[in-house]
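Biologist: I have a structure here and want to go through the side chains. Can you take my questions one at a time?

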Amino acid sequence: MVKKKVLILCTGNSCRSQMAEGFFKKYRPSWEIRSAGTNPVGVNKRAIQVMAEVGIDISANRSKSVEEFLGNSFDYIITVCDNAKEACPSFPGKGQYIHWSIKDPDCSAAGLGSLDNFRKTRDEIEARIKDFLGEV
């Protein structure tokens, strides 16, 4: 299996991109997987909790700025929210840009999305990754 380099990008690098990073590392442990945000805000506790429910520990992850990866090349740059797609910088090389419009699970006014919202988002991300990996 060819080792690939993947960058998953969202706005806060707190939920969706962190979950995607966890699933990619589970299904393709030999690949180089990174996640980042256009405006990183810290890893969401509920994202950590729902990923632990499926046996994936992202508690040691940290939110990273996309600026940390400028100048790096990737095989795939995957944006998981519409804002990140609009703000996504260019990366060197012939990386393929992919966009998945995934709803923010933390969408309440108080910033306290329900665990059910986080579970739905987690399951959608896992399904998209499984579909993607079946095509590459």
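Modeller: One definition to begin with: a charge sits over a ring if NZ of Lys or CZ of Arg is within 6 Å of the ring centre and within 35 degrees of the ring normal. This is a predicted model, where local features need pLDDT of at least 70, side-chain atom pairs count only at pLDDT 80 or more, and totals for chains, interfaces and linings use all residues. Residues are numbered from 1 along each chain as its sequence is written, and side-chain values use heavy atoms, with hydrogens and water left out.

Biologist: Which ring does the charged end of Arg28 sit over?

Modeller: That of Trp31, 5.7 Å from the ring centre. The charged end of Lys5 sits over the ring of Phe74, at 5.5 Å from the centre.

Biologist: How many aromatic pairs are there?

Modeller: The structure has 7. Rings of Phe, Tyr and Trp (its six-membered ring) pair if their centres lie within 6.5 Å; planes under 30 degrees apart are stacked, over 60 edge-to-face, the rest tilted. Phe24 and Trp31 are stacked, with centres 6.5 Å apart and 25° between the planes. Phe69 and Phe74 are edge-to-face, at 6.3 Å and 70°.

Biologist: Which residues do ring pairs link into a cluster?

Modeller: Phe24, Trp31, Tyr76, Trp100 and Phe132.

Biologist: New topic. How many disulfides does a search find?

Modeller: The search of the whole structure gives 0, where a disulfide is a pair of cysteine sulfur atoms within 2.5 Å. For Cys10, the nearest cysteine sulfur is that of Cys81, 5.4 Å away.

Biologist: Is Cys10 buried or exposed?

Modeller: Cys10 is buried, at 2% relative accessibility. Buried means under 20% relative accessible area, exposed over 50%, partly exposed in between (1.4 Å probe, protein chains only).
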